[in-house]
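I opened the model to look up its contacts, its nonpolar cores and its sheet, and I kept these notes as I went.

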Amino acid sequence: MLALSAEGILPKVDYAVFADTGWEPAAVYKHLDRLEREIAKPAGIPILRVSSGNIRKDALDPDHRFASMPLYILNKDGRPGMTRRQCTGEYKIKPIKKKVREILGYPYPVRIPKGVFVEQWVGISTDEFHRAKDADVQYMRNRHPLIVDMDWSRTDCVRYLTTLGLADTPKSSCLGCPFHGNAQWRHIRDTSPSEWDNVVEFDAAIRKGNARANATGNRLLGQAFLHRSRVPLGEAPIDHVTAAEWAQRQGELGTGPDADELEQGVADGCSPWACRGTDAEPAQDDYGLAS
Ligand code: SF4
């Protein structure tokens with residue numbers, strides 16, 4: 001959408017916002033710098049980087065309130081569960097709303113008069129139209145230009161990016177997001193040994209829940225994992241090749257809503273307004289990990 005706006009195919013936006021959880025892959029930060037340098041700046045579109053802190057650091061800091069990640073839980077009796085996902089709201093939506101209020105001139109807690117709002121573009125393509133939602137506040141009105149103006153699927157977006165020399169656009173999400181599929185875990189392991197060490201180390205560190213919950217006596221009565229097999233990440237079965245991966249290897253881009261989530265994980269990373277995680281709300285509660 002930034003490129004479409006910069007090229008004048010879509011109207012020019014006033015700002016582009018990147019909500020930084022502090023734990024994106026290095027490739028994403030590098031790509032963002034490149035977009036800023038080659039596309040945003042020449043078009044006069046400022047990229048605003050907003051943040052509520054570093055999600056990895058916060059999870060391991062006993063003195064910090066931690067907004068829970070969607071971790072896979074193995075209870076003492078062997079029952080599987082999942083912790084509540086609060087991280088997208090805390091690390092993405094919250095800092096974006098804060099910035100929008102600043103832009104409008106009504107920083108929190110000033111009341112925003114009725115009729116004052118920003119138009120916010122959300123990059124959802126036609127194959128994910130069911131994720132297109134309204135914002136939950138009156139001062140933001142969501143618009144979905146890839147659907148409404150362009151009628152573009154994910155494949156159309158990739159094709160356009162390729163014409164701009166951006167075929168290698170990486171998926172944005174936390175390095176250790178539990179919504180990763182096996183393909184994403186393998187990609188980290190096989191392309192970036194230091195980032196793989198980083199996530200394996202984090203996975204081991206949260207086995208007993210987040211540091212703050214433990215420090216306040218709110219212990220996890222079981223074990224937490226990043227991989228859905230509920231096995232330590234370094235030993236998890238991430239090399240299992242599924243039908244979805246075979247299909248993709250044969251060039252069938254996008255296997256549709258039935259694509260094997262185990263393999264592919266979250267299709268579009270963690271979009272603040274369309275995180276696939278909202279479709280996968282856990283059946284179980286937060287196990288005390290949200291304190
Ligand atoms: S990418 Fe994953 S861990 Fe990061 S904020 Fe989104 S859901 Fe949470």
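I began with Ile 55 and, leaving aside its neighbours within four places in sequence, I found it in contact with Thr 21, Gly 22, Trp 23, Cys 87, Tyr 91 and Cys 174; a contact here is a pair of residues whose C-beta atoms, placed from the backbone, lie within 7 Å. I note that the model is predicted, that local features need pLDDT of at least 70 and side-chain atom pairs count only at pLDDT 80 or more, whereas totals for chains, interfaces and linings use all residues. Residues are numbered from 1 along each chain as its sequence is written.

Next I looked up the largest nonpolar core, where Ile 55, Leu 71 and Ala 224 touch the most other members among its 30 residues. Such a core is a set of buried Ala, Val, Leu, Ile, Met, Phe, Trp, Tyr and Cys residues joined through C-beta atoms within 7 Å, and a residue is buried if 20 or more other C-beta atoms lie within 10 Å of its own, exposed if 12 or fewer, and partly exposed in between. Two or more residues each come from strand E1 (16-19), helix H3 (55-59), helix H4 (87-104), helix H7 (182-191) and strand E7 (222-225), and H4 gives the most, with 4 residues. Helices (H or I, at least four residues) and strands (E, at least two) are DSSP runs, numbered from the N terminus. I also found a second, separate core of 6 residues, which includes Ala 6, Leu 35, Ala 40 and Trp 121.

**Ala 19**

I then turned to Ala 19, which lies in strand E1 and counts as buried because it has 21 C-beta neighbours inside 10 Å. Not counting residues up to four places away in sequence, Ala 19 touches Val 50, Tyr 91, Lys 92, Pro 95, Ile 96 and Pro 272. I looked up the pair Ala 19 and Ile 96 as well: they are 77 residues apart along the chain, yet their C-alpha atoms are separated by 6.6 Å.

**The sheet**

Three strands form an open, antiparallel sheet in the order E4-E3-E7, where two strands pair if DSSP finds at least two bridges between them. Strand E4 (80-82) and E7 stand at the edges with a single partner strand each, so one side of each is left without a neighbour in the sheet. I found 3 bridges in the antiparallel pairing of strand E3 (residues 72-75) with E4, and Tyr 72 has Met 82 in E4 as its bridge partner.

Conventions: Contact = placed C-beta atoms within 7 Å.
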